[in-house]
Amino acid sequence: MKEQSQTQMILEKLLQGKELTVLDMAQRPISSMYGARRILDLKESGINVQDEWVDVPSNKKVKKYFLTEMDIKKIKRITWILENFWVP
């Protein structure tokens, strides 16, 4: 079985409807010190990752990243079509 990249792990979490901060992405299983860069990679590949500032317990603000429900459905539909009908 091929090991997932950090970007793939982040996308998988976002497709589950989870909201992630760079603090979340720095922890296992993702363990990325460059979470914001991985989010940019997703955006550059056409994934419409949304973000907003949130307060964390240390009285600092960080961005949380998420996908809208509509975007999750769209990505899952495209993935299903590619998996079932795409012939390389």
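Student: Looking at the sheet here, what order do the three strands come in, and is the pairing parallel or antiparallel?

Tutor: This is a predicted model, to start with. The order is β1-β3-β2 in an open sheet, and the pairing is antiparallel.

Student: Which strands are the edges, then?

Tutor: β1 and β2 are the edge strands, each pairing on one side only.

Student: How many bridges hold β1 to β3?

Tutor: Two bridges, with β1 covering residues 20-21 and β3 covering residues 60-66. For one of the partners, look at leucine 20, which is bridged to tyrosine 65 in β3.

Student: What does aspartate 51 pair with in β3?

Tutor: Aspartate 51 has tyrosine 65 as its bridge partner. Tyrosine 65 is also the partner of leucine 20.

Student: How many residues sit between β2 and β3?

Tutor: Three, and the two strands form a hairpin. Have a look at asparagine 59 in that turn: its phi is positive, about 60°.

Student: Let's zoom out. How many helices and strands are there, overall?

Tutor: Four helices and three strands. Going along the sequence, the pattern reads α-β-α-α-β-β-α. For scale, the C-alpha atoms fill a box of roughly 50 × 30 × 20 Å along the principal axes.

Student: Back to the helices. At what angle do α1 and α3 pack?

Tutor: About 75°, with the axes 10 Å apart. α1 is residues 6-15 and α3 is residues 35-44. An angle from 65 to 115 degrees counts as roughly perpendicular, so that is the label for α1 against α3.

Student: Which residues make that contact?

Tutor: From α1 you have Gln6, Thr7, Ile10, Leu11 and Leu14, and α3 brings Arg38, Ile39, Asp41 and Leu42. By type, the contact of α1 with α3 splits into five nonpolar, two polar and two charged residues.

Student: New topic: what's going on with the peptide bond from arginine 28 to proline 29?

Tutor: That bond is cis, with omega near 10°. Proline 29 is in the loop between α2 (22-25) and α3.

Student: And what is the phi of serine 31?

Tutor: Near 55°, a positive value in a residue other than glycine. Serine 31 also lies in the loop between α2 and α3.

Student: Last one, pockets. How much space is in the largest pocket?

Tutor: About 240 Å³.

Student: What lines the largest pocket?

Tutor: The lining is Gln4, Gln8, Leu11, Glu12, Leu15, Ile47, Ile75, Lys76, Thr79 and Glu83. The elements giving two or more residues to that lining are α1 and α4 (69-85).

Student: How does that lining divide into nonpolar, polar and charged?

Tutor: Four nonpolar, three polar and three charged.

Conventions:
Residues are numbered from 1 along each chain as its sequence is written. This is a predicted model: local features need pLDDT of at least 70, side-chain atom pairs count only at pLDDT 80 or more; totals for chains, interfaces and linings use all residues. Side-chain values use heavy atoms; hydrogens and water are left out. Axes are lines fitted to C-alpha atoms, for helices over the stretch in contact, and angles run from 0 to 180 degrees between N-to-C directions. Angles under 35 degrees count as roughly parallel, over 145 as roughly antiparallel, 65 to 115 as roughly perpendicular and the rest as oblique. Contact means heavy atoms within 4.5 Å. Ala, Val, Leu, Ile, Met, Phe, Trp, Tyr, Cys and Pro count as nonpolar, Asp, Glu, Lys and Arg as charged, and the others, Gly among them, as polar. Two strands pair if DSSP finds at least two bridges between them. On a 1 Å grid over the protein atoms alone, a cavity is a set of points where a 1.4 Å probe fits but cannot get out, and a pocket is an open set with protein on both sides within 12 Å along at least five of seven lines; lining residues have an atom within 4 Å of a point. Grid points are joined across faces, edges and corners, and a volume is the space filled by probe spheres set on the points.
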